[in-house]
Amino acid sequence: MKHARFIFSVAFAIVTVLPISAGKYKNFKVSTYIRAQDVARMADTKYLNETWQTVSTQVDLDKIYLETHRDAFTVDEKTLSKVKKFFLEKGLEVGGGITYTRSEPKDFETYSYARENERQIVKEIAEYTAKHFDDFILDDFFFIDLKNDDEIAAKGSMSWTEYRLRLMADAGRELVVNPAKKVNPKVKVIIKYPNWYDHFHGLGFNLEEEPIYFDGLWTGTETRDPGSAQHLQNYLSYNIVRFFDNIAPGKNGGGWVDAGGINMSMDRYAEQLHLTMLSKTPEIILWNYMQLNDVKITSKMRAPWQDAGGNSFRYDDMVSPFMVNGKTITPTTMARFANVTLHQTDNLVGQLGKPIGLASYKPYHSSGEDFLQNYLGMIGLPMDMYPQFQSSRQQILLTEQAAKDKQIVEKIKQQLKKGGDVMITTGLLKAIREQLADVCELYCGDLKAIVNDFGFWGKSEREFIIPQVKYFTNDAWEVVSAGRPLNGGVSGYPILLRNSYSKGTLFVLTIPDDYGNLYDYPAPVLNVIRRVMSKDVGAYIDGPSKVALFPYDNKTLVVENFNDEAVSLKVVINTKVPLLRNLLTGEQLQPDEVPKAQPMPFRNRFWGYPEGATVFSIQLPAHSYIGLGY
């Protein structure tokens, strides 16, 4: 009964709805953005006042960005000045924005940076915007997607990736930043990157050079519907901010979320906002002002799991009338969802330290096993991606992307020689098999296996395809295996393999052909993987997939359930601690009595919990989170 009471109070505290009259936010700014065509419509004073009335009564805003150009259209100076003055008088900070597109409906047609007349247009737009604002942000179309005859000729013998990386790195400096600063030496020019970071280099986004000369960068944290065109996992809304923080420490200004995914439910929209702010980013842009005005609340946004109650994001509370300055307001648009979610999150993030996690090395402009780290985050491995190899960590995760580093095997050796651990994926093993043989002779080629049985670790609910990893018996050891069936079957294949080298351990993690099948690994399999890779974090979760762990350096953590049903799980702290404290209520959770591990059919050092660990049981409703400290 103690645990049940604790979880009820956790859920209640998390979902308390704060009125707008509580003021702005304590730990971050909340902003929005108005597209050029909508700024132009605001020449109509009635339209400007009506939209502001709708938006401002439902969401607190600190800043607004007014776009000067989009789709070959530029806002006239008179209108721009009028709208800027209006929002300044409302007490908002006002910045500028640019979208360098000729036509979004035509597959996001960009300007052609090989054509001198179009380069001049790009330059003039930057100068015009710098004249009116002391900071402006480039919406995430500062890339090139054209292959016209001029671009083909300019490319010459280079690959498209090589050409575009060089072209756009130079264009940003020569056509945007330098001209803007010549007009307004105080201006801060910011580049906003979209959410598809693993494909940036192919379109010219240069993460190696651009963050150096731009005054700041922003992060697209939209994950929307994972079943839609981009197939981005929920965890990316947090993970991408951390990656950009590690690329340009101190220059990452914030996250950026649109209304995509709200068709799935209010919870899906709220999760994107919440995860963005769990990254400890200083600002968020709610894209965009007209969505805050126009996207109406409908009953279809209320998910079935809301009926069970106790959810972190409570639809019924969000749509209930509330008071502002003595007036009763009935919520009408998604702006209300944003306001409640961000005020809730504001109460939590101020108690969190700096995010930490399992270091994962993604070299600049690298490809392979695209976006895999976000799937791993969804199975409870807290990711911390870097563009450099992190030799100071006890453990490091390497995916196929690391193969771009020609010195990767030597770096692996040095990590192992100092007594560290390296986890590589089957994608990387396949890419560097011959070089890696100096550490361990393994093979992963084109052979596949269909599996659904993990022996004493359990069974999956469906069959799926994995690559076969081959090794020399007694040179490497299977920690987790799978077959069809495995018990009483005729064959088995490694899911997690280990090999000793010098003072360290090399692990190979088998990645299914469909990364989504990672969610089908039974909970005991995931628990072993999480435990193995928890040394730098000092904690892990024991439970099903689609539950994420967000740890921080001040011994706090957030656990979030992305399943459509409630889950029971355990939080494992790798040392002795007396209790866990609910960060929002102050209530204390007492540790479980951990039974002595039962003998295994064969020696397996990863069965059970680490020696000296403390284990706590919690329950989380569907699409809900809890903040804990120890």
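Helix α5 covers residues 116-132, and at 1.5 Å a residue its 17 residues should span 24 Å. The expected span is 1.5 Å times one less than the number of residues. The end C-alpha atoms lie 25 Å apart, which agrees. Helices (H or I, at least four residues) and strands (E, at least two) are DSSP runs, numbered from the N terminus. This is a predicted model: local features need pLDDT of at least 70, side-chain atom pairs count only at pLDDT 80 or more, and totals for chains, interfaces and linings use all residues. Residues are numbered from 1 along each chain as its sequence is written, and side-chain values use heavy atoms, without hydrogens or water.

Buried residues of α5 include Val122, Ile125, Ala126 and Thr129. Buried means under 20% relative accessible area (1.4 Å probe, protein chains only).

Now take strand β7, residues 135-138. In a regular strand the side chains alternate between the two faces of the sheet. Here both faces are covered: Asp135 and Ile137 are buried on one side, Phe136 and Leu138 on the other.

Which strands pair with β7? Pairing takes at least two DSSP bridges. Strand β4 (residues 93-98) runs parallel to β7, joined by 3 bridges. Gly97 stands opposite Ile137. Strand β8 (residues 188-193) also pairs with β7 in the parallel sense, over 4 bridges. There, Lys188 is the bridge partner of Asp135.

Definitions and conventions
Buried < 20%, exposed > 50% of the residue type's maximum accessible area, 1.4 Å probe, protein only.
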